[in-house]
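This briefing goes through selected features of one structure, grouped by topic. The sequence and coordinates come before the notes.

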Amino acid sequence: MKRFPKGMPASQRAVLQEQLTDIMLEVLRRNPQLHYYQGYHDVAVSLLLLVGERTAIAMLHTLSNHHLRDFMDPTMDRTKHILNYLMPILEQVDRELHDFLIRSEVGTIFALSWLITWYGHVLSEFRHTLRLYDFFLASHPLMPIYLAATIVLHREKEVRRTECDMAMVHLLLSRIPQDLPYELLIGQAQALFDRYPPPLLAKRAALQSRTSLSISTFQSFQRSTLHQRPDSVLRRITREGGCSASRRGPGEWAVASTEAPALGRGNRMVKMAVWGLSATLGAAVFAVAQTAMQWGPDVLLQLF
Amino acid sequence: MTAAPYNYSYIFKYIIIGDMGVGKSCLLHQFTEKKFMADCPHTIGVEFGTRIMEVNGQKVKLQIWDTAGQERFRAVTRSYYRGAAGALMVYDITRRSTYNHLSSWLTDARNLTNPNTVIILIGNKADLEAQRDVTYEEAKQFAEENGLLFLEASAKTGENVEEAFLEAAKRIYQNIQDGSLDLNAAESGVQHKPSVPQGGRLNSDTQPAKEGCSC
């Protein structure tokens, strides 16, 4: 599969391919209410490459029941519903651009793969994918749509220079430039989210947020994470696996656990961001340590 | 992308439909890039590619919408059928199930396009003769019974890929010439564009457009 690092030996690709299938089947077996969609394995492979098979199953299980839940219905109705938030955000920020897009009849399907794969399907550099995954892990399920809005807004001039035609606008927008300033866009997406939160959009755009399972279960998801120490999952795994301290990446967890209480009071989002980031950073250290032994330096260079 | 003048006289809108994994995106890639893509990722929603080719002496820009094959995506891909001048309906000659599903794809194509839409049936993966599961003859008969053009092709070797897009384009052009396709009708799937004033600046034949399929 294309998402495996270039230069990886065929035998290791075959192992990863098998693990990829296994983790998806395991999660689907545990959750008979969920349905596979094309794009699901873009999420699964990102997790697998980063944290390995066992943790990937746990993460995919949780994400499938929360952030990805709407995409895993038997039909696309709820997915289309989520996409429907895109235009109202644009309308709030740049009405002229919004009107241009409406006139072109481009629709929102150009952003479909962005949404349901968390951009994993369209980004060629794994480090960008990981950065966005960190962001989305610590955010509301609608955040990929807010990021889609910031990407369209960021390319406003290009869009406006294009012929106002469905095919031309779709072509332009569906090809994500690979050199986007992700840090800037992440900040802007968060700012848009704070300024135009989903309930506000739902009211203005006659969208019904109650039909989204991802959104309606987000509060309980957040509550459950409140009771979780930032590094409790990793600590448990480390204890069970008996990993040596040298693999752990000293400092990483200490930072998270001292910062979280200070920032956490009254600001759930920041707390979650720290949790998400520290968890992934810790996991990345694992992955690096493991892969370094298996693949050799040139593969690592391409990965990160 | 600038507006007029155009270096082509017509735009034909195409769609590519058919089951998952039959090679729709690979056919498009072979057509626009003249290369086989071995690790072709699945299509999510729709992808888009263009190429200018010469049809009966006229430069024609093909705008090709490549749709996702998974059943669940039909809810979104159906809206791209509207106003298609040509449809490539693809099955895999090594997997009979993809052939058996053709009637369902044909129903969609007939219901969602106009009566003049040219449909060409493509049996892809013709290079895998040893694994053949659908004979040429029975597919040919199915095509004749349903008034479809028919070719077996291989996105891998490139065999008949050019021809598939060209045959459909020739038929569309013929429909324009004999008046059965009304260019003024909404959703004919064809746009007539004023040509560049003659100055010999036309590009050479079948030059791939830069914005070809990147998948």
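The model is predicted. Its largest nonpolar core has 115 residues, and a second, separate core has 35. There are 0 disulfides over all chains.

**Nonpolar cores**

- Within the largest nonpolar core, the residues that touch the most other members are Leu101(A), Tyr119(A) and Met89(B).
- Helix 2 of chain A, residues 40-65, supplies the largest share of this core, with 13 residues.
- The second core, of 35 residues, is separate and includes Met53(B), Ile122(B), Ala169(B) and Ile176(B).
- Leaving out residues up to four places away in sequence, Leu101(A) touches Met87(A), Leu90(A), Val106(A), Val152(A), Val159(A), Val169(A) and Leu173(A).
- As background, nonpolar side chains in soluble globular proteins tend to be buried together.

**Cysteines**

- Across all chains the disulfide count is 0.
- Cys26(B) takes part in no disulfide, and the nearest cysteine sulfur to it belongs to Cys40(B), 3.8 Å away.

**Helix 1 and helix 6 of chain B**

- Helix 1 of chain B spans residues 24-33 and helix 6 of chain B spans residues 161-177; their axes come within 9 Å and cross at roughly 90 degrees.
- The two helices are therefore roughly perpendicular to each other, as angles of 65 to 115 degrees are classed that way.
- On the side of helix 1 of chain B, the contact is made by Leu27(B), Leu28(B), Gln30(B) and Phe31(B).
- On the side of helix 6 of chain B, the contact residues are Val161(B), Glu162(B) and Phe165(B).
- Sorted by class, this contact has 5 nonpolar residues, 1 polar and 1 charged.

**Ala87(B)**

- Ala87(B) is part of strand 4 of chain B, which covers residues 86-92.
- With 0% relative accessibility, Ala87(B) counts as buried.
- Apart from neighbours within four places in sequence, Ala87(B) is in contact with Ile15(B), Thr117(B), Val118(B), Ile119(B) and Ile120(B).
- Ala87(B) and Ile16(B) are 71 residues apart in sequence, while their C-alpha atoms are 5.8 Å apart in space.

Methods:
Residues are numbered from 1 along each chain as its sequence is written. Chains are lettered from A and ligands numbered from 1 in the order in which they are written. This is a predicted model: local features need pLDDT of at least 70, side-chain atom pairs count only at pLDDT 80 or more; totals for chains, interfaces and linings use all residues. Side-chain values use heavy atoms; hydrogens and water are left out. A nonpolar core is a set of buried Ala, Val, Leu, Ile, Met, Phe, Trp, Tyr and Cys residues joined through side-chain atoms within 4.5 Å. Buried means under 20% relative accessible area, exposed over 50%, partly exposed in between (1.4 Å probe, protein chains only). Helices (H or I, at least four residues) and strands (E, at least two) are DSSP runs, numbered from the N terminus. Contact means heavy atoms within 4.5 Å. A disulfide is a pair of cysteine sulfur atoms within 2.5 Å. Axes are lines fitted to C-alpha atoms, for helices over the stretch in contact, and angles run from 0 to 180 degrees between N-to-C directions. Angles under 35 degrees count as roughly parallel, over 145 as roughly antiparallel, 65 to 115 as roughly perpendicular and the rest as oblique. Ala, Val, Leu, Ile, Met, Phe, Trp, Tyr, Cys and Pro count as nonpolar, Asp, Glu, Lys and Arg as charged, and the others, Gly among them, as polar.
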